[in-house]
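Morning, everyone. Let me put the structure up, and then we'll walk through it piece by piece.

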Amino acid sequence: MSQLLKISLPDGSVREMPEGSTPADVAAAIGPGLAKAAIAARVDGELRDITRPFTGDATLALVTAKDEADALELARHDFAHVLAEAVQTLFPGTQITFGPSTDDGFYYDFASPIIDGKHRPFTDEDLPVIEAEMRRIIAANKPLRREVWDRDALIARWREQGESFKAEWAAELPQGEEISVYWSGDDWMDMCRGPHLASTGRLDPAAFKLTRVSGAYWRGDQRNPQLSRIYGTGWLNKKQLDAHLLRLEEAAKRDHRKIGQEMDLFHLQQEAHGSVFWHPRGFVIYRALEAYMRRRLDAAGYLEVKTPQVMDARQWEQSGHWGKYRENMFVIPDEVPNTEDEGPVVSNDAAWMALKPMNCPAHVLIFRQGIKSYRDLPLRLAEMGCCHRNEPHGALHGLMRVRQFTQDDAHIFCREDQLVDEISRFCDLLDVVYKDLGFGDYAIKLALRPEKRFGSDEMWDWSEQSMRDAVAATGRNTPEWGWEELPGEGAFYAPKLEFHLTDAIGRTWQVGTIQTDTVLPERLDASYVAEDGNRHRPIMLHRAILGSYERFIGILIEHYAGKFPLWLAPVQAVVATIVSDADDYAREVVAELQAAGIRVEEDLRNEKINYKVREHSVGRVPNILVVGKQEAEKRTVALRRLGEQQQQFLSLDEAVAMLRQEALPPDLKS
């Protein structure tokens, strides 16, 4: 007689099931409706296939489409496998590598087939036929079946099939580790941890779209073979897909690179990969934002500092960054290279320096100057610090990912008893800044200890709990604030709070962060004299609100679609004439506005006024002051607001006073 398994359900009930039973069997025993709706299961907390048998007594939570996060992860993973099967069916000789799900879809990397001795890379023109084959596979409702293979047998199969990349990966898995594969029907297989849906037919064939093809390197290393990466977006139903495609369409209109060119804000070019050339109008935005942040930091008790761009490599070794970030650091020899025909030559005796990828070690060195007392704490050091990180060329993306950037960086040195209050103060400051900048909706997440880390478990326990306590003290550890804990996603030296903005079209951006750190003060020997007369290590808080000015301005451009609030607009007003008789008055209006601190330009061209208004509207100028002969005689203006059809007729004094008040930054308004 077989043993009965005890399966505990979320409502507290227990089902007894025979050995060999699956979550699908439990769903069927509960009722036909649940049997149809259940798509996967959480067994003892682990997401698994609904057809995978239990191995003993277990807790069970059945997953349905209502559990959207899990359901989307499953669907996107399945779409990636269906994509790989479709490509190999259509293009024999293609090798498969990896295909994960992403935040809005999936991708798969392929080694393209060899034709006439050369690899034939995939192109966007291939996508429609691949989509059609994917829909055929989905319609076939092929069962997705899990098997466990012996490592050596699987390596042999991959080699036999000509799958060199899969064979290489399987060969690196630990001997004796359970290796699972998934069959699509009986004719296609991929190595995968799973889980998957029960069959391809559980996918909605109208809920995905292949979006683009790009190049990629095997394992992300440019020294390895180049692959073709096919991207797709995948959802649970067509309604979700259509909504996403609409967001993509809107996002394309808001692309900061396109708007930046239209508004003449900035450009990038190959002579300075990943570094921004700010044009005068773009730098107006930068300076306005920087000045606003300085005023907020001054009011919050921060002291601004400036630290060197280049520091000795030994300093980075001592801080621990050399071991963790070396591949992302620009290093330079501390000597003048010889020049020969083959180019600059560096001697073997050269000492090495590095452009700073972050500001924190330099701030510790400032803290160490002079003896610090417990009465000096908290000490809040801020820096608009220019940093460099050696990002791969292929990863660069406009303002969003660059090599040279300026952080709105600060480090707070405090005592243990001050930690919760300092984190709470930071959360309050960040809240004011985000709301001033138009981001009332953001989520707070706590990134917990990673597997590879510095420090003891006791230190991590204390740091993580301090973060929880600080957010709780502000009342923001609730679902309304998007509160969530993220296991394994902390920095190597400390847990961190992450702040995720939601923009005007529903996209999220991780920008602000604050991290506790007891490791760096120890490594760099920072201390203060405590009340007991002994030396103690300060707690170091790494914090940023914007993250970097470059990326945050990119986010602002896309959030506002270039239609900035008046205080950030590079050109706040244009005075445009109807007739040349009004030119002198137009110049007078410009002078009055300039005297009031308004960034204003004049348009005295011999063009029709409708043409001028249309052109400046395309340039996203928020205010157009139209003047003609009548306005000159009455000393009035006709004010046209961007996006509005109606115009206001105001005296010059009224218009100047109104725009002066409207153009004030949020922190300066009464």
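In S7, which residue is the bridge partner of isoleucine 96? Phenylalanine 110 is that partner.

Some ground rules before going on. This is a predicted model, where local features need pLDDT of at least 70, side-chain atom pairs count only at pLDDT 80 or more, and totals for chains, interfaces and linings use all residues. Residues are numbered from 1 along each chain as its sequence is written, and side-chain values use heavy atoms, with hydrogens and water left out. Helices (H or I, at least four residues) and strands (E, at least two) are DSSP runs, numbered from the N terminus.

Now the sheet around S7. Four strands form an open sheet, in the order S6-S7-S14-S13, and the pairing is antiparallel. Strand S6 (95-96) and S13 are at the edges with a single partner strand each, so one side of each has no neighbour in the sheet. Two strands pair here if DSSP finds at least two bridges between them. S6 and S7 are joined by two bridges, in the antiparallel sense. S7, residues 105-111, also pairs with S14, antiparallel again, over six bridges. Contact means heavy atoms within 4.5 Å.

How many residues of S7 are buried? Seven of its seven. Buried means under 20% relative accessible area, exposed means over 50%, and partly exposed is in between (1.4 Å probe, protein chains only). In a regular strand, side chains alternate between the two faces of the sheet. Here Gly105, Tyr107, Asp109 and Ala111 point one way from S7. Phe106, Tyr108 and Phe110 point the other way.

On to helix H7, residues 238-253. H7 has 16 residues and reaches 23 Å from its first C-alpha to its last, close to the 22 Å expected at 1.5 Å a residue. That expected span is 1.5 Å times one less than the number of residues. Gln240, Leu241, His244 and Ala251 are the buried residues of H7. They cover an arc of only 95° around the axis, so they sit on the same side of H7. The arc is that of the directions from the helix axis to the C-beta atoms. Lys239 and Leu246 are exposed on the other side of H7. What do the buried residues of H7 pack against? Helix H3 (68-90), strand S13 (208-217) and strand S14 (226-234). At the N-terminal end, asparagine 237 caps H7, with a side-chain oxygen 3.2 Å from the backbone nitrogen of lysine 239.

Five strands form an open sheet in the order S33-S32-S34-S35-S36, with mixed pairing. Its neighbouring strands are turned by 25° against each other on average, direction ignored. Strand S32 (residues 573-577) and strand S34 (residues 623-627) run parallel, joined by four bridges. Threonine 577 stands opposite valine 627 in S34.

Tyrosine 549 is in helix H16 (residues 549-560). At 0% relative accessibility, tyrosine 549 counts as buried. Tyrosine 549 and glutamate 290 are 259 residues apart in sequence, but 8.1 Å apart in space, C-alpha to C-alpha. Leaving aside neighbours within four places in sequence, the contacts of tyrosine 549 include Tyr286, Glu290, Met384 and Asp408.

Last, some backbone checks. The peptide bond from glycine 194 to proline 195 is cis, with omega near 0°. Another cis peptide bond joins leucine 377 and proline 378, with omega about 5°. Aspartate 44 is not a glycine, yet has a positive phi of about 50°. At 51% relative accessibility, aspartate 44 counts as exposed. Arginine 620, also not a glycine, has a positive phi of about 65°. At 13% relative accessibility, arginine 620 counts as buried.

Methods
A polar contact is a pair of N or O atoms within 3.5 Å; within protein, one must be able to donate a hydrogen and the other to accept it, and residues adjacent in sequence count only if both atoms are side-chain atoms. Axes are lines fitted to C-alpha atoms, for helices over the stretch in contact, and angles run from 0 to 180 degrees between N-to-C directions.
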